[in-house]
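Please examine the structure shown below together with its sequence. The paragraphs that follow lead from the overall arrangement to individual side chains.

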Amino acid sequence: MKPAAVQEFFRRLSAANPEPRSELEYVNPYTLLVAVVLSAQATDVGVNRATGPLFAVVTTPQQMVALGEEGLRGYIKTIGLFNTKAKNVIRLSELLIERHGGEVPRDREALEQLPGVGRKTANVVLNVAFGEETIAVDTHIFRVGNRTGLAPGKTPDAVEAKLLKAVPKLFRRHAHHWLILHGRYVCKARKPDCPICPVADLCAYKDKVIA
Ligand code: SF4
């Protein structure tokens, strides 16, 4: 996609939703980190249903460690892979206390050393909690990047690198959310809603159907 088209692509998405927010619920950087770890292969709605009651009583790593793995499992057992996730959340909470004074570090390397935290999770936390211009490539962004021609790539890392180059500075802070929301609600996996898509004329998807 040509730079002028990329600019227009984000201008339209931003005009429709100037201040996009994460659909995951959280109250501070720590609960955001926990919510993102729990969201792997799960829906935000499903995670929110579990974390509502959890975050009403636990908002710090210390409280999480006091709750314990068994206690945590009770809150998150409706979420896929909950056994592994409970283990990871308790261990990462212990490590936050041991290494970072109970705070979530604003540091990619330190974040990626926590169990259950990969590049994508670190990108979400850096973007949402700390306002950094990172782009976490999830399944939606991967699909939208490839379909539209905005940032074609064979791996999430390749798509991320292309997006970081292509997205104009003005839009980098929120590009992550605009692309996720676009992929979740318009450019859907099985049946993209091309007839109502605000960027259809800019998109290179060869199978798009405009009614
Ligand atoms: S035109 Fe269709 S394929 Fe292209 S971005 Fe819009 S919904 Fe996705």
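Which domains does the domain assignment give for the protein chain? The assignment gives domain 1, made up of residues 3-18 and 135-202, and domain 2, covering residues 29-130. The coordinates discussed here belong to a predicted model. Taken over C-alpha atoms, the centres of domain 1 and domain 2 are separated by 27 Å. Contact between them involves ten residues of domain 1 and seven residues of domain 2.

The buried residues of α2 are Tyr30, Thr31, Leu32, Leu33, Val34, Ala35, Val36, Val37 and Leu38. Their cover includes α3, α4, α5 and α7. For Leu33, once neighbours within four places in sequence are set aside, the contacts are Leu92, Leu96, Val104, Leu114, Val117, Thr121 and Val125.

Beyond α2, the loop between α2 and α3 contains Gln41. Most residues other than glycine have a negative phi. Gln41 is not a glycine, yet has a positive phi of about 55°. With a relative accessible area of 76%, Gln41 lies above the 50% limit and therefore counts as exposed. Leu81 is another residue that is not a glycine but has a positive phi, in this case about 60°. The place of Leu81 is the loop between α4 and α5.

Helix α5 contains Lys85. What is the nearest side chain of opposite charge to Lys85, which is buried yet has no salt bridge? That side chain is Asp44, at a distance of 9.9 Å. Lys85 does have backbone oxygens within reach of its side chain: a polar atom of this side chain lies 2.7 Å from the backbone oxygen of Leu38, and the side chain reaches the backbone oxygen of Gly80 at 3.1 Å. Leaving aside neighbours within four places in sequence, the residues in contact with Lys85 are Val37, Leu38, Ser39, Ala40, Ala42, Ile76, Ile79 and Gly80. Helix α5, which spans residues 82-100, also holds Arg99.

Asp44 forms a salt bridge with Arg184, and the closest N and O atoms of the pair are 3.2 Å apart. This pair links distant parts of the chain, with Arg184 in helix α10 (residues 169-185) and Asp44 in helix α3, 140 residues apart. Asp44 is buried, because its relative accessibility of 16% is under 20%. Arg184, at 22%, counts as partly exposed.

The salt bridge of Asp44 and Arg184 belongs to a set of 17 found in a search of the whole structure. Another joins Arg172 to Glu133, with the closest N and O atoms 3.9 Å apart. Here too distant parts of the chain are linked: Arg172 is in helix α10 and Glu133 in the loop between α7 and α8 (139-148), 39 residues apart. Glu133 is partly exposed, with a relative accessible area of 29%. A salt bridge also brings together the side chains of Asp207 and Lys206, at 3.9 Å from N to O. Asp207 counts as partly exposed at 47% relative accessibility, whereas Lys206 counts as exposed at 73%. Finally, salt bridges that share partners join Glu8, Arg11, Arg12 and Asp201 into one network.

Key:
Residues numbered from 1 in each chain as written. Predicted model: local features only at pLDDT ≥ 70, side-chain atom pairs only at ≥ 80, totals over all residues. Heavy atoms only, no water. Helix = DSSP H or I, 4+ residues; strand = E, 2+ residues; numbered from the N terminus. Contact = heavy atoms within 4.5 Å. Buried < 20%, exposed > 50% of the residue type's maximum accessible area, 1.4 Å probe, protein only. Lys, Arg positive; Asp, Glu negative; His and termini not counted. Salt bridge = Lys/Arg side-chain N within 4 Å of Asp/Glu carboxyl O. Polar contact = N/O pair within 3.5 Å; in protein donor to acceptor, adjacent residues only side chain to side chain. Domains from an automatic or database assignment.
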